[in-house]
Amino acid sequence: MSRDRVIDCDVHPVIPDVGASLKPYMTREFIARLGARQPPPAEPLPGNRFSHPGGNVLRPDAAPPNGGPPGSDPAFVVEDLLDRYDVDACILTPIQTAALAAWSVPLEATSLAQAFNDFFVDHWLSVDPRFNMALVVAPQDAHAAAAEVRRLAGTPGVVGVWVPILDILLGQEHYHPIYEAAQEVGLPIVLHGNGTEGMFHGTPRFASGQPRTYAERHVGFFQIGIANLSSIIFEGVLERFPTLNFAFTEYGWSWAVSSIARMDMSWKAARREVPWVHKLPSEYVAERIRFTTQPIEEPEDKRTYIENMTRLVNGGQTLMFSTDYPHWDNDESPRVRLALPDEYRDKILFENANQFYKPRLAAKVPA
Amino acid sequence: MRHRLGSLDAFPEGGCTVVQVGRRSVGVFNVDGRLYAVRNSCPHHGAPICMGQFGGTMLPSAPGELSYGMENKVLRCPWHGWEYSIEDGSSVGGIDRSRLVTYPVSIEGDDVVIEAKGL
């Protein structure tokens, strides 16, 4: 059997000491403004909302031998993930930056986003040509975010625009300047849980009330996927920005089977309310929306479930493989790849992402 | 096959009149000086579509814009709201590949006549 071609669409690089690491990339003004702040003198209690019951989400076995937290040493990520599993390319989605969605002052969030992006370009993209990244924007000030997109659009290895979601649905006008810039420079929008949902004002809320535990919240992420997918479709974003594409990363995807069917049903009944939606939502999704695979759900009859769900979500077009390295709920194991239906396997593991992130990614992976 | 549905007086201007023709329920619309006849059965679930609202609709438009049109051409099913043109039976906006069955209709003398097979 020939080797699998693989693009991993969700790898989290970690900055061990954010303050010190970003300092070289910040202006004197923001160093003065942010550097003056002190953390609380003592942590009065263990982490409240939503701490992983095991301590944190990082896998201890992924800790670099030279010290630092898992995911913090790019050379070790090359060895531990890319080489070990023979990965052709990966998309870095710096999870720490997503917390910018919870930042209260847009000016500061914008400055931090710039510093984060410059750090990852310098410290990660230069290490291995298989590293590609989604630049992050601070979404509070969408015009400043658009400027950040244009600033970095030409940087080799920058293949997408990560928009941490606010408590504003993605179809709404607030995000238009970001979409306009991303479309102009030919980068897709990358979405990923920002980790602060249900924790701070300004970030997405969970449906129907506040969950109390990590377990509930881990299930509830797909609520945010459902809400934002239908917002993007029914607000007409894909008509307003006709060449802009979206990737839902780590929101799950089995929900999309039901969501897409339900959107089609709603559109047939209520098209006159959203006349800017010109075709079946399922058609827009097949053409323009992608979902990453991790975490693949594992019910008792896993084989039947994955085969049927993959087919029903049109996975030969819509799914892109991801591991979520170095997080606990990863899908690194070759067993996960083997669970994918043969007929879609190469599409999901490689080709769909290759098409989605073209042309910037294409130079780095085998044709 | 031709079916006489009755005198034109029985189909007042401005609305839909439902008549039974053999096994079929047929809706006859007398609007804007023209007659249209459709099968009173929605292609979706077979609902009595002629009991639904009749008028115009929002035409496909650019995001953020509204454009009302097809006045007196659109029949909306009372069940799921699917919309069809009474002119040619096609769905509005491409929501359904199936068509509402329409019948050629004419006036002969004082009578309304439709052409239909297998009623």
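So, P359(A) sits in the segment after α14 (342-356) of chain A, where helices (H or I, at least four residues) and strands (E, at least two) are DSSP runs, numbered from the N terminus. The peptide bond joining K358(A) to P359(A) is cis, with omega about 0°. Another cis bond runs from Q294(A) to P295(A), omega near -5°, and P295(A) is in the loop between β7 (289-292) and α11 (302-312) of chain A.

Quick housekeeping. This is a predicted model: local features need pLDDT of at least 70, side-chain atom pairs count only at pLDDT 80 or more, and totals for chains, interfaces and linings use all residues. Residues are numbered from 1 along each chain as its sequence is written, chains are lettered from A in the order in which they are written, and side-chain values use heavy atoms, leaving out hydrogens and water.

Now, phi. Most residues other than glycine have a negative phi. E250(A), though, has a positive one of about 60°, in the loop between β6 (246-249) and α9 (254-270) of chain A. And M70(B), in strand β6 (residues 68-76) of chain B, has phi near 55°.

Last, how do the chains meet? Contact, meaning heavy atoms within 4.5 Å, takes in 19 residues from chain B and 12 residues from chain A. How many salt bridges cross the interface of chain B and chain A? The rule, a side-chain nitrogen of Lys or Arg within 4 Å of a carboxyl oxygen of Asp or Glu, finds 2. One of them pairs R272(A) with E83(B), with the closest N and O atoms 3.8 Å apart.
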